[in-house]
Amino acid sequence: MSDLNNSNHPTSDPSMGLVFSIQRYSIQDGPGIRTTVFLKGCPLRCDWCSNPESQNPFPEIMARGMKCQGCGTCIETCQNEAISLREGVVHIERSTCRLCMDCVAACPNGALEITGQFLSLEAIFEEAQRDRLFYQNSGGGITLSGGEPLSQPEFAASFLKRCKSAGLSTALDTCGHASWDHMEPVLKYTDLVLYDLKHLDPDIHQQGTRVKNDLILENLARIVASGISRVWIRIPLIQGYNDAEPYLKNLARWMRDQPVEKISLLNYHEWGKPKYGFLGRSYPRNDNPSISEERLKSLQAVMEAEGIRVTIGH
Ligand code: SF4
Ligand code: SF4
């Protein structure tokens, strides 16, 4: 990717986005073949987050200990004495690090990596529209995800507007925790909203994500009432958090009144676990909250018995 610039984030500059990944040939983020642009920054802190590098709204260093040879070059480079070796492997003291990124360039073994780049809207759009033939043939398009894309609302609106003006279909993958003033201008250029719903109970929602769900439920109601965009609701199923059958029955009954196009159950996976270590953080859960395929199907049946259609996976 080009246009790298690690200065302070121009959050209100609609022509720049802080991106941590652009994924082509995605089939999990809406219909057809898509390109998903992942923006950095999220107001939630879900215990099961598989992309912890998506959460903070600034570039960060990922230190991959398995690649570190303990040569000490980064220690000599750092002007802030933020690096040491622990058991022969690089350790960054995050409270001292000034994120100058000098050590990343200095490491001869590629053990240090920046996650998060400020890219111009046009650079992101150029990358995103490369597979437009695939989108046309498969009914796909562009998905803006995160992190939470509405944590960069001006950029999100400008980017999706650019996609729409080029005739591309657009989707917004959101946790819904954003002010309506930020959400509405983005919806104007969004064909489909992928709305993540973690829990209906405000206290349990807060336990798992660190925020209450009042704004999330209010925004969902406003989106479906406005009819601006189609809506798919996606429920990440987490063992011991939102997978109890009585809760899922209640959820299904509540869903019956939501005029949405699709409801999906997403299974948890642990692929993101090593990334917590790369970021110098501990993994928030010490169990494996994923659910077996068999149980997932039985929970799907529990919900469908309440009169709604539920799919497994995106
Ligand atoms: S980013 Fe800069 S301040 Fe932080 S550890 Fe590396 S060289 Fe030191
Ligand atoms: S420069 Fe790279 S390989 Fe050498 S100690 Fe630092 S992180 Fe490890």
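Modeller: The account below begins with conventions and a ligand site, and then turns to individual residues. This is a predicted model, in which local features need pLDDT of at least 70 and side-chain atom pairs count only at pLDDT 80 or more, while totals for chains, interfaces and linings use all residues. Residues are numbered from 1 along each chain as its sequence is written, chains are lettered from A and ligands numbered from 1 in the order in which they are written, and side-chain values use heavy atoms, with hydrogens and water left out.

Around ligand 2 there are 14 residues (a heavy atom within 4 Å), of which Cys68, Cys71, Cys74, Cys107 and Asn109 come nearest. By class, this shell holds 9 nonpolar residues (Ala, Val, Leu, Ile, Met, Phe, Trp, Tyr, Cys and Pro), no charged ones (Asp, Glu, Lys and Arg) and 5 polar ones (the others, Gly among them). The space that ligand 2 takes is the second largest cavity, a cavity being a set of points on a 1 Å grid over the protein atoms alone where a 1.4 Å probe fits but cannot get out; a molecule sits there if more than half of its atoms lie within 2 Å of the grid points.

An automatic or database assignment divides the protein into domain 1 (16-57 + 116-312) and domain 2 (65-114), whose C-alpha centres lie 33 Å apart.

Most residues other than glycine have a negative phi, and most peptide bonds are trans. Glutamate 87, in the loop between β4 (83-86) and β5 (89-92), has a positive phi of about 50°. Tyrosine 25, in strand β1 (residues 16-26; strands are DSSP runs of E, at least two residues), likewise has a positive phi, of about 55°. The peptide bond from glycine 146 to glycine 147 is cis, with omega near 15°, and glycine 147 belongs to the loop between β8 (141-145) and α5 (153-165; helices are DSSP runs of H or I, at least four residues).

Leucine 194 lies in strand β10 (residues 192-196) and is buried (under 20%) at 0% relative accessibility. Beyond four places in sequence, its contacts (heavy atoms within 4.5 Å) include Asp29, Leu172 and Trp232. Leucine 144 is 50 residues from leucine 194 in sequence, yet their C-alpha atoms are 9.8 Å apart.

Note on methods:
1 Å grid on protein atoms, 1.4 Å probe; cavity = no way out; pocket = protein on both sides within 12 Å on 5 of 7 lines; lining within 4 Å. Buried < 20%, exposed > 50% of the residue type's maximum accessible area, 1.4 Å probe, protein only.
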